[in-house]
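Keep the viewer open as you read.

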Amino acid sequence: MASAATAKRPRVMSGMRPTGNLHLGHYVGVLTQWVKYCDTADAFFEIADLHALTTGFADPQAIRDARNSMVVDWLAAGVDPQKSTFYLQSGVPEISELEVLLGMITPISWLERVPTFKGQIEELGSEIATYGFLGYPLLQLCDIAVFRGEFVPVGKDQVAHLEFAREVVRRFNYLYGGGETILVEPKAMLSEFPNVPGIDGRKMSKSYDNVILLSDDEATTTENVRRMVTDPLKVRRNDPGRPEICPVFALWKFVKPQHVGIVERDCRSGALGCVQDKSDLAEALNEFLRPLRERRALFAADTSQVERIIADGTARARELAAETLRDVKRAMKLT
Ligand code: TRP
């Protein structure tokens, strides 16, 4: 699908590590954009299982288990594998081979100064300070470069990885290109990822255990919304509230924008109590997620279809990757 009809579209490449089921923040911030790229770009979406192993090497089964359910979340959100390419990183060994080759010209100091290296070690502990983890941004570059990805939609935390990627590509082309551009310098497309708060008011994130999962049932969602924090100064029902600091209010903006004005007015005036507001939001949120969850249930029940989608995309991805790798090996005199 991705070839003839989409030949002139920009090549967009992105990926996610299979580390758990996806939540409302992924949907609003990332997956809705992926849906758009299906129609506007020649898009490649990667199941980054090798990247997941860089930190999760002690529990490979968890990564294996998360693979299909992550893809089911993509499909539920409407990302279309007929109009894009879903593939498994470890199923495209050309990516790993490219990492070895580009490793030859990648100074260790460039990898060590990528902020996520020290940052993640501080957060997760020195056990993750492996050779593989040091190479995380290099592997990410290979994900992109092997498909000659031009645009990479990412959040702010990934910008340093893309800067690193561009430097390595420039060095490669300089050393081996003989005046030609063999590898493409990828550009980060900084998406204005909206700040979706979790139920405790911090950014919605698996590591904070504050998420509303796409795979949750309606009762669980309602219970999670009921547990949400609100304006701490709004103690009694009729106390005036401050919507600007309330995570329940923030979620209304994504879930039912046309209702935001009414909630704002009634919260400020004290006419709307938090208990009522949460029960209204839970209902609206379940309604918002219902079509997605219905699709999710269909795909979740059809493992063989999901695996076929991954296998087909991976086969297609491999063909392209092999072409790039051939060019790289020729340039490095490895023919
Ligand atoms: N590092 C990315 C993240 O943590 C995931 C990822 C892996 C990725 N390979 C990629 C993103 C290639 C964009 C392009 O979110």
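In what follows, Ala, Val, Leu, Ile, Met, Phe, Trp, Tyr, Cys and Pro count as nonpolar, Asp, Glu, Lys and Arg as charged, and the others, Gly among them, as polar. By that scheme, the shell around the ligand divides into five nonpolar, five polar and three charged residues.

Two notes on reading the numbers: the model is predicted, with local features needing pLDDT of at least 70 and side-chain atom pairs counting only at pLDDT 80 or more, while totals for chains, interfaces and linings use all residues. Residues are numbered from 1 along each chain as its sequence is written, and side-chain values use heavy atoms, with hydrogens and water left out.

Of the 13 residues around the ligand, Arg17, Tyr136, Gln140, Asp143 and Gln158 come nearest. Now look at the polar contacts (pairs of N or O atoms within 3.5 Å). A polar side-chain atom of Tyr136 sits 2.7 Å from a nitrogen atom of the ligand, and for Gln158 the distance to a ligand nitrogen is 3.0 Å. The protein covers 90% of the 360 Å² of accessible area that the ligand has on its own (Shrake-Rupley method, 1.4 Å probe).

Which helix gives the most to this shell? That is α8, with four residues; helices here are DSSP runs of H or I with at least four residues, strands are runs of E with at least two, and both are numbered from the N terminus. Because 10 of the 10 residues of α8 are buried, this helix is largely enclosed by the rest of the structure. Buried means under 20% relative accessible area, with a 1.4 Å probe and protein chains only.

The pocket has a volume of about 310 Å³, and among its 15 lining residues, Glu99, Gly103, Tyr131, Gly135 and Leu138 are the closest to its centre. The lining holds eight nonpolar, six polar and one charged residue. A pocket is an open set of points on a 1 Å grid over the protein atoms alone where a 1.4 Å probe fits, with protein on both sides within 12 Å along at least five of seven lines; lining residues have an atom within 4 Å of a point. Points are joined across faces, edges and corners, and the volume is the space filled by probe spheres set on them.

Key:
A residue is near a molecule or strand if one of its heavy atoms lies within 4 Å of it. A polar contact is a pair of N or O atoms within 3.5 Å; within protein, one must be able to donate a hydrogen and the other to accept it, and residues adjacent in sequence count only if both atoms are side-chain atoms. Buried means under 20% relative accessible area, exposed over 50%, partly exposed in between (1.4 Å probe, protein chains only).
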